[in-house]
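Let's take a quick tour of one protein model, looking at a loop and a sheet. Keep the picture handy while you read.

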Amino acid sequence: MPILKCPYCDDEDIEISYNHKIRQYTLTCFNCDSFIKITKKQADLKCPGCESKNIVHDDCESYCCDCGMVLSATSNYVGGFKIVLDWGGLIL
């Protein structure tokens, strides 16, 4: 079951993402400054392009296996041009 609120303060101002440093899904609450490790099932992340849950996280990027959309990467530049990624850049 996906998490929609912070388990500590019950606030909806949260962000669920994949943390490449610890190789774990995390929940960050901006109200109480909580940082919680969660499971992939709890994260329930979907590709914004095709709504697939088949997302792969490797050392330098996160991408959808079904449509191929790159969701986040270590670099925001491709061929000298700045690109905007749906999940932003990765900080390693």
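A handy cut-off before we start: a residue is called buried under 20% relative accessible area, exposed over 50%, and partly exposed in between. Keep in mind that this is a predicted model. Also, most residues other than glycine have a negative phi.

**Two residues in a loop**

- Look for Asp-44 in the loop that runs between helix 1 (40-43) and strand 4 (55-57).
- Asp-44 isn't a glycine, yet its phi is positive, at about 50°.
- Is Asp-44 buried, exposed or partly exposed? Its relative accessible area is 25%, so Asp-44 counts as partly exposed.
- Glu-51 also lies in the loop between helix 1 and strand 4.
- Glu-51 is another residue other than glycine with a positive phi, this one near 65°.
- Glu-51 has 52% relative accessibility, so Glu-51 counts as exposed.

- In which order do the three strands of the open sheet come? The order is 4-5-6, and the pairing is antiparallel.
- Strand 4 and strand 6 (70-73) are the edge strands, as each of them pairs on one side only.
- On average, neighbouring strands of this sheet are turned by 10° against each other, if you ignore direction.
- In general, strands of a sheet pair through backbone hydrogen bonds.

**Zooming in on one pair**

- Strand 5 (residues 61-64) pairs with strand 6 over three bridges, in the antiparallel sense.
- What stands opposite Glu-61 in strand 6? That spot belongs to Ala-73.

Methods
Residues are numbered from 1 along each chain as its sequence is written. This is a predicted model: local features need pLDDT of at least 70, side-chain atom pairs count only at pLDDT 80 or more; totals for chains, interfaces and linings use all residues. Side-chain values use heavy atoms; hydrogens and water are left out. Helices (H or I, at least four residues) and strands (E, at least two) are DSSP runs, numbered from the N terminus. Buried means under 20% relative accessible area, exposed over 50%, partly exposed in between (1.4 Å probe, protein chains only). Two strands pair if DSSP finds at least two bridges between them. Axes are lines fitted to C-alpha atoms, for helices over the stretch in contact, and angles run from 0 to 180 degrees between N-to-C directions.
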